[in-house]
Structure formats: C-alpha cells, structure tokens
Amino acid sequence: MNTFQVEESLPPKIPEPELFEHFVNFCVISNEYGEEFDVDEVHTGGGDDLGIDGLAVIVNGALVDDEQEINDLANLNKYLEVEFIFCQAKSGGNFSGADISSLFFGVKDLFSTKPALPRNTRVAEKEALVRFVYSKSALFKRGNPSIKVYYATTGKWVEDVRLLARIETEKDGLMETDIFKSVDFIPLDARALQRLHSNSKNRFSKSVEFLNKVTLPGLPGVQESYLGYLPFDQFIKLITDDTGNVLRGIFYDNVRDFQGDNPVNIEIGETLKSDEQQLFVLLNNGVTIVADALTRTGDNFTLEDFQIVNGCQTSHVLFNNKEAITKPVQIPVKLIISKDGQIKNRIIKATNRQTQVKSEELTALTDFQKSLEDYYEVITGDCKLYYERRSQQFRASTGIEKIRVVTIPNQIRAFASMFLGLPHQASRYYGTLLKSIETKIFVPDHHPVAYYCSALALFRLESLTRRKALDPMLRPFKYHLLPIARLLLVGEAPYPMNSNRFERYCESLVTALRDEKACLGALEGAAKILSTVLGGNMARDRAKDTSILAAAEALCAEQAKKS
C-alpha cells in the first residue's frame with residue numbers, strides 16, 4: 001500500500017482507511033479494465049456513500065465517467081454492453097454479514113426509482129450516469145447490464161455456509177428487479193488482494209496453442225515470424241481478459257477503433273451466424289499480431305506485450321458472435337516477433353493500406369507517435385514524463401508515478417484543450433474526439449514540444465490536485481484550466497503550429513511549467529477566472545459549455561491590459 005500511495009501520488013497524510021479504499025478500487029478495476037485510469041474518478045467513499053467505496057461504469061469495454069462518452073460509444077458501435085463494478089473496502093479482518101447486506105442495500109437503493117438514502121456528490125454523479133445508461137436501454141442488444149460486487153477485507157475468506165446463503169438472498173433480490181443480466185459477488189481477502197495487485201504489475205502476456213502454422217525464414221529486424229490459423233477457442237483467449245471482456249488495449253496500434261455494425265462487420269457477423277461459418281477462414285483476411293517476445297514450448301506459444309495491428313474489426317465481430325459459433329471456426333493469423341519500432345510501423349502501414357484508411361491517419365498513428373515517444377525519452381529530472389505509445393507499456397516498471405504516464409487518449413485531450421480550444425469536448429470518448437480533429441493533431445510538421453508541454457501542464461495540475469494544493473472540486477474542469485493557465489503564464493500564441501515561433505513559444509511555456517511555484521500560481525489564477533465565469537456553479541455538466549473558454553480568455557485579456 002505504501003508503494004501504491006507513492007505511485008498514485010496520493011497525499012502523504014491520507015487516512016489509512018481511505019488509502020485502503022483507493023487500493024482496493026485499483027486492484028479490482030485493474031482486473032476488470034486493462035487500461036490506465038484515475039483512481040480518484042472511481043472513488044465514491046466518504047459520508048453518505050451508500051456503503052459503496054468505488055463504482056466503475058464500463059461501456060463497450062471502455063471505462064466511462066461522462067454521458068458524452070456513452071453517446072459517442074453508442075453512435076460508434078450502435079449498441080451498449082454495460083457492466084457496473086461496485087467495491088467496498090473494510091480494513092478489518094472480518095467478512096461481516098451485516099456489512100455485506102448494507103452494501104447490497106446501498107446498491108439496490110442506487111438503482112431504485114424511489115431512493116431512500118442520502119448520497120454524497122460523487123455517488124450522485126455516478127447515479128446520474130447509471131440512469132443515463134438505462135435511458136439508452138433500446139441499445140441493450142446483448143442483454144441488460146451486469147453487476148459485480150466486490151467486498152474486500154484484510155482477513156481470510158472461508159466458505160461460511162450462513163454467509164453464502166445470505167449473499168445468495170441478496171443477489172436474488174437484485175435480480176428480481178429485472179434490470180440486470182447477471183449479479184456476481186466476489187469476496188477479496190488479503191491473499192486475493194495481493195494476487196490482483198501482482199497481476200496489475202506483471203508484463204502483459206497470453207498463452208495459446210498454435211498447432212497449424214508455417215515458420216517463415218529469417219527476416220531483418222524480426223526475431224521470429226509465422227503464418228497459420230488459430231481455432232476460435234484459442235483466438236478468443238488472446239483478445240479477452242480473465243473476466244471475459246475484450247482487451248481494448250491490444251488494438252491501440254490499429255488505425256481505427258471498432259466501427260460497430262457497419263456493412264462489412266454485419267456481413268462478417270452474418271457468416272458467423274450461418275451454417276457456413278466454417279468458411280470464415282477462406283472469406284476473411286485474418287489478423288496480424290506483433291509481439292515483443294515469445295516463449296515457445298512445443299506448440300504452446302506465450303506472447304508478451306503484443307498488439308493486434310490489423311484485425312480490430314474481425315476480432316470484435318468474432319467476440320460479439322461467440323455464442324453463435326458452434327462449429328470449428330479458424331482465424332487466419334500472421335504472427336511477428338519484433339522489438340524494432342520501425343519494422344512495426346511498416347507492418348501497420350502495409351496491412352492497413354489494404355483497407356480504406358487515409359495516409360494521414362497512418363502517419364498520425366505510426367511515425368508521429370514514435371517521434372513523440374523519442375522526444376519524451378530524452379527529458380530528465382522532475383519534469384520527466386513517460387509517453388505510453390503502446391498500451392500498458394510501463395505496466396511492469398516500478399517506482400513510476402502513474403500521473404507521469406501519458407497515454408494517447410490523455411495526450412489527445414490535453415493538446416486539444418490547450419491549443420485547439422476544445423476543453424468542453426475533453427469528456428468525449430477519445431476515439432471520437434480524435435476523429436473530429438484528425439487534420440489538426442499528430443500532424444507531421446508539428447513540433448513535439450507542443451504535445452509535451454500540454455501533457456506537462458496536465459501532470460502539474462493532477463499532482464497539485466492530489467496533494468490538495470488545488471481544490472478537488474475543480475476536477476471536472478481540469479481541461480479548461482490548461483488553456484487559461486497557459487494564457488496567464490506566457491500569453492497568447494498567434495503563430496502557426498508548424499512555425500519556429502510557435503516552437504519557441506512552447507519552449508517558454510515548458511520553462512514556466514518547470515517552476516512548480518509559478519505553475520501553482522497560474523493554476524490558482526486560472527481557477528479564480530473559471531469560478532468568475534461559472535458564477536460559482538461547479539456542476540459537472542457545465543464543463544460541456546462551449547462559451548466558458550471564450551469568456552475566460554476575455555477575462556485574461558482584461559487582466560493583461562491592467563497589468
């Protein structure tokens with residue numbers, strides 16, 4: 001827990017029960033969701049919390065915290081597959097039947113049309129998100145949402161007959177509401193928590209039996225490569241986690257996210273639902289997998305840190321039709337073992353050019369990402385950040401503060417907010433946001449320093465917020481604070497983004513951001529301006545107001561004239 005506290009940049013004097021709540025939430029949700037996430041965003045513990053210390057809403061495999069993200073995923077995928085994860089953390093050693101019943105009562109009250117218990121602000125925000133999900137019930141094409149309830153203590157779980165009977169009664173009570181596909185209860189004792197935390201730190205790997213393959217001759221920059229086909233039951237192991245959810249992170253290097261029920265995907269799905277599903281191996285181009293390392297024992301292949309660089313649509317359609325697959329279905333597979341980034345980029349470009357993908361999309365998500373990664377790597381000292389070009393790239397690295405890891409989604413949101421004037425869109429699903437600005441971001445002649453300084457500003461903000469130097473109530477507006485703080489630190493930037501002047505402007509901004517005291521002053525000033533614009537109304541929905549930034553910029557200009 002001490003290591004976790006440092007890595008998550010939590011305050012030194014955080015009460016131990018609250019730290020344990022964050023720790024349990026991290027262990028549980030890391031097991032359910034394979035990407036980086038903010039532990040503060042899922043924490044609901046405190047007074048009037050319904051006995052719920054953590055609540056995660058996972059929609060179509062994405063952890064969401066805003067209605068706009070749900071709308072984006074609905075528009076993209078044309079369906080909603082939802083899972084609610086509830087956590088309660090008790091630092092004592094007992095599995096209390098009364099506490100477990102209270103947890104179930106709180107969960108049931110959250111979904112009730114006539115709630116009886118008071119809620120704190122964070123629980124109320126999560127409740128609004130839950131109700132928004134159910135307002136889209138016409139899109140529950142794969143069934144109602146499912147629930148998982150985790151109860152964690154530092155003791156030891158024993159299969160107590162009376163407690164098990166009580167839990168079954170509570171589960172039945174939730175199922176009787178007829179709004180859930182399933183309800184699961186998972187007890188976590190000290191040993192189980194240790195296992196989950198250890199899993200969150202291990203290098204990402206999967207094992208499959210690859211019987212039908214041909215080994216290709218040695219190639220420059222490639223350690224090993226194979227052509228072959230995998231049976232469906234083996235392929236599904238590669239693309240799902242231990243809880244049966246799709247591992248979205250393994251598709252990060254795909255140029256496109258899953259496109260939902262478009263004509264091509266519908267046709268693939270119809271093949272899998274038909275009596276001719278065995279013809280899939282002849283009708284589909286298959287998938288291309290690139291892994292950093294391979295451990296082989298006979299036909300058993302263990303892949304480490306791998307990506308499916310082509311075949312995102314195929315993989316999702318196979319997953320979505322898994323119940324319909326009753327005959328032996330084979331998936332064509334090209335497997336390449338290489339740590340050479342240039343080789344990987346060439347493979348991504350070559351395989352994706354066979355589909356309808358624009359060349360600028362290929363460049364944005366291959367060459368430019370590598371140049372960004374290289375830029376971040378050479379920075380040292382207190383302002384060192386780690387650009388996660390590949391999902392879970394730093395998963396096994398110890399001693400790295402999580403807020404120093406810059407994921408592609410966070411890079412997109414930070415840059416779009418700071419330099420494109422779009423903080424009100426930062427709550428969108430990142431794939432949809434990227435699509436809307438694809439000609440303005442990750443452009444080949446952009447200077448990497450612009451991306452770094454936007455990420456550095458976000459890191460400073462997160463660090464100061466977690467240490468309580470900034471008001472946590474500002475969290476929904478953090479992306480608005482970035483461009484306002486930029487104006488207060490270095491003024492406006494009336495230069496093209498590909499110009500040398502803009503590069504120097506960004507370098508001066510980095511210099512200002514390196515001074516934590518000056519940065520805190522700018523963020524506090526930005527917070528005052530934001531509060532004036534909002535009139536003290538810090539409701540989360542206000543963050544989507546398109547007029548906020550313009551009003552804040554006007555106030556900044558007034559202040560600049562006076563000074």
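## Pockets, cavities and cysteines

The largest pocket is lined by 35 residues, and those that lie nearest its centre are Arg122, Glu125, Pro472, Arg475 and Arg540. A pocket is an open set of points on a 1 Å grid over the protein atoms alone, with protein on both sides within 12 Å along at least five of seven lines, whereas a cavity is a set of points where a 1.4 Å probe fits but cannot get out; lining residues have an atom within 4 Å of a point.

This is a predicted model, in which local features need pLDDT of at least 70 and side-chain atom pairs count only at pLDDT 80 or more, while totals for chains, interfaces and linings use all residues. Residues are numbered from 1 along each chain as its sequence is written, and side-chain values use heavy atoms, with hydrogens and water left out.

In the lining of the largest pocket, α6 (121–135) gives the most, with 6 residues. Helices (H or I, at least four residues) and strands (E, at least two) are DSSP runs, numbered from the N terminus.

A search of the whole structure for cavities of 30 Å³ or more finds 6. The residues closest to the centre of the largest cavity are Asp38, Asn410, Arg413, Lys478 and Tyr479, which belong to a lining of 50 residues. The largest share of this cavity's lining, 5 residues, comes from α18. Among the residues that line the second largest cavity are Glu32, Tyr33, Asp241 and Arg248.

The table gives volumes, each being the space filled by probe spheres set on grid points that are joined across faces, edges and corners. It also sorts the lining residues by class: Ala, Val, Leu, Ile, Met, Phe, Trp, Tyr, Cys and Pro count as nonpolar, Asp, Glu, Lys and Arg as charged, and the others, Gly among them, as polar.

| Space | Volume | Lining residues by class |
|---|---|---|
| Largest cavity | about 1100 Å³ | 25 nonpolar, 6 polar, 19 charged |
| Second largest cavity | about 80 Å³ | 4 nonpolar, 4 polar, 4 charged |
| Largest pocket | about 830 Å³ | 11 nonpolar, 7 polar, 17 charged |

How many disulfides does the structure hold? The structure holds 0 disulfides, a disulfide being a pair of cysteine sulfur atoms within 2.5 Å. The sulfur of Cys453 has its closest cysteine sulfur in Cys506, but the two are 4.2 Å apart and therefore too far for a bond. Likewise, the sulfur of Cys519 is too far for a bond because the closest cysteine sulfur, in Cys383, is 8.8 Å away. Cys453 counts as buried (under 20% relative accessible area, with exposed over 50% and partly exposed in between, for a 1.4 Å probe and protein chains only), at 0% relative accessibility. Cys519 is also buried, at 2% relative accessibility.
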